[in-house]
Amino acid sequence: MFKRATLAVKLMLAFLAVVALAMGAIAALVDRSAAQHFEDYVSVSARPRLAASLPALADHYARTGSWAGVDALLEAEFARGKGHGGQAEDGRGLQPVLADAEGRVVYDGSGRDVGNVLGSADLRRAQPIRVGAEVVGYLLAARGAREQGFIDSLGRSILGWGLIAGVVALLLGALLARRMVKPIRQLRDAARRVGSGELDYRLSVSSGDEIGELGAQFNQMAAALQEDEQLRQRMMADIAHELRTPLAVMRGQVEALLDGVFELTRENILPLHDAVLLLGRLVDDLRDLALADAGRLPLEADEVRIDALISRVTSAYEHAASDKGLSLHVELAEPLPPVLGDAQRLEQVLGNLLSNALRYTPAGARVVVRGWCDEDGLGFSVEDNGPGISPEDLPHIFERFYRADQARARAAGGSGLGLSIAKRLVEAHGGELTVRSELEVGSTFAVRLPKAPQNRPY
Ligand code: ADP
């Protein structure tokens with residue numbers, strides 16, 4: 001049942017429990033020490049009066065050999081003032097208690113304690129009754145009615161104040177609990193709203209304590225969720241858009257062939273083939289990106305010679321460059337030391353940069369691939385003197401599906417994923433991919449790899 005109680009109720013009950021415990025402890029302490037002091041006081045002040053009766057009591061025991069019939073003697077001894085119940089009591093309210101040698105009470109004014117054994121504190125206060133050397137009993141003074149009355153009223157007033165403190169604690173607890181619980185409730189409601197899809201909902205955070213920090217963290221989390229969701233939606237729209245183009249080409253071509261508009265010739269099947277290739281590339285790129293996002297892009301860690309890699313990749317593009325009327329040059333500073341990495345993935349990066357340079361650079365231009373090494377690391381760059389990228393586009397070109405010149409880039413067969421994949425791959429090698437570009441001057445894409453790369457596990 002307690003589990004289901006609200007936080008406010010739990011807090012109030014906790015306050016109440018603390019107050020009850022504190023008041024209980026104080027009451028017990030006060031009661032004990034007041035009783036102790038009174039008893040000490042009574043026993044000290046009664047000592048001479050009790051001592052005066054010891055010979056008569058010893059005499060009674062010596063004569064009879066027991067405490068039988070001692071009641072009359074005690075009542076006669078302490079007869080100067082009678083207690084309310086007729087019990088022995090002297091003029092100042094002193095009531096005698098007599099116990100036998102074992103400490104068992106044989107007489108007490110009220111008769112309530114007869115038969116009970118005295119505690120060690122009582123025995124310490126009591127005066128022994130001796131017959132010869134033998135202790136035959138103990139005599140002590142009981143707590144008087146007035147003292148008892150005072151202790152009782154003390155107990156009652158502690159109880160009264162305890163109740164008042166309890167009520168105040170409850171009220172204070174309720175007030176405090178309300179203040180503390182309010183932001184938690186707001187957080188709960190916010191979590192509910194964000195959880196049900198209201199991703200733009202934010203908490204207003206005013207305090208700087210832990211709950212305020214929790215609220216700020218929650219807002220950050222909601223913002224990240226919203227950004228992820230927007231990214232996912234944009235990604236889905238982009239993918240659908242990218243698939244539509246090659247599919248439309250394929251559909252148009254196939255329908256024209258089926259309807260007999262086009263003859264089934266090699267030339268008429270070529271656009272179909274290109275569209276299939278484009279689709280295949282898009283699917284491969286998407287798979288690489290998905291693996292990189294999930295942190296599961298598999299990377300081999302081998303020694304890779306960057307100079308050999310540059311020669312291999314460049315020679316594969318030589319034909320395409322000369323077909324387009326571009327001059328392609330390689331400049332290697334000196335034999336480069338090997339790096340630890342995945343040769344195939346690094347080839348993919350250089351291939352992507354090189355194919356971009358060839359794709360976006362007009363005939364007659366010049367493309368230079370450089371390999372270099374300095375104190376911090378080594379790497380390669382691809383420089384062209386093509387049209388360059390505008391300053392507005394430059395910060396976005398590593399984003400997925402971003403194309404600086406939509407129509408030209410798509411017509412050139414680009415998916416808009418090449419650079420974002422290349423960047424991921426280089427970063428997975430512990431390196432960085434940067435770009436410098438100026439309109440009408442050209443672009444330089446540079447890959448820097450650490451000499452001793454820390455390969456991340458993807
Ligand atoms: P795409 O598959 O469209 O080439 P990328 O991610 O490889 O996609 O490139 C993103 C965009 O960056 C391209 O669409 C193009 O506009 C621009 N870009 C990339 N390389 C160059 C370059 N060498 N010169 C001019 N623009 C470039």
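Reader: Which side chain does the side chain of Arg125 make a polar contact with?

Author: The partner is the side chain of Asp122, at 2.6 Å; a polar contact is a pair of N or O atoms within 3.5 Å, where, within protein, one must be able to donate a hydrogen and the other to accept it, and residues adjacent in sequence count only if both atoms are side-chain atoms. This is a predicted model, in which local features need pLDDT of at least 70 and side-chain atom pairs count only at pLDDT 80 or more, while totals for chains, interfaces and linings use all residues. Residues are numbered from 1 along each chain as its sequence is written, and side-chain values use heavy atoms, with hydrogens and water left out.

Reader: And is Arg125 buried or exposed?

Author: Arg125 counts as buried because its relative accessibility is 12%, where buried means under 20% relative accessible area, exposed over 50% and partly exposed in between (1.4 Å probe, protein chains only).

Reader: Switching to the ligand, how many residues surround it?

Author: There are 21 residues around the ligand, the closest being Asn356, Tyr360, Ser415, Gly416 and Leu419; a residue is near a molecule if one of its heavy atoms lies within 4 Å of it.

Reader: What classes are in that shell?

Author: The shell around the ligand has ten nonpolar, seven polar and four charged residues, with Ala, Val, Leu, Ile, Met, Phe, Trp, Tyr, Cys and Pro counted as nonpolar, Asp, Glu, Lys and Arg as charged, and the others, Gly among them, as polar.

Reader: Which protein atoms lie by the ligand oxygens, say at Tyr360 and Leu419?

Author: An N or O atom in the side chain of Tyr360 is 2.7 Å from an oxygen atom of the ligand, and for Leu419 a backbone N or O atom lies 2.8 Å from a ligand oxygen. For Gly418, a backbone N or O atom is 3.4 Å from an oxygen atom of the ligand.

Reader: Back to the backbone, what about phi at Phe401?

Author: Phe401 is not a glycine, yet has a positive phi of about 65°. Most residues other than glycine have a negative phi. Phe401 counts as buried because its relative accessibility is 7%.

Reader: And what is phi of Glu440 near?

Author: Phi of Glu440 is near 70°, again a positive value in a residue other than glycine, but Glu440 counts as exposed because its relative accessibility is 72%.
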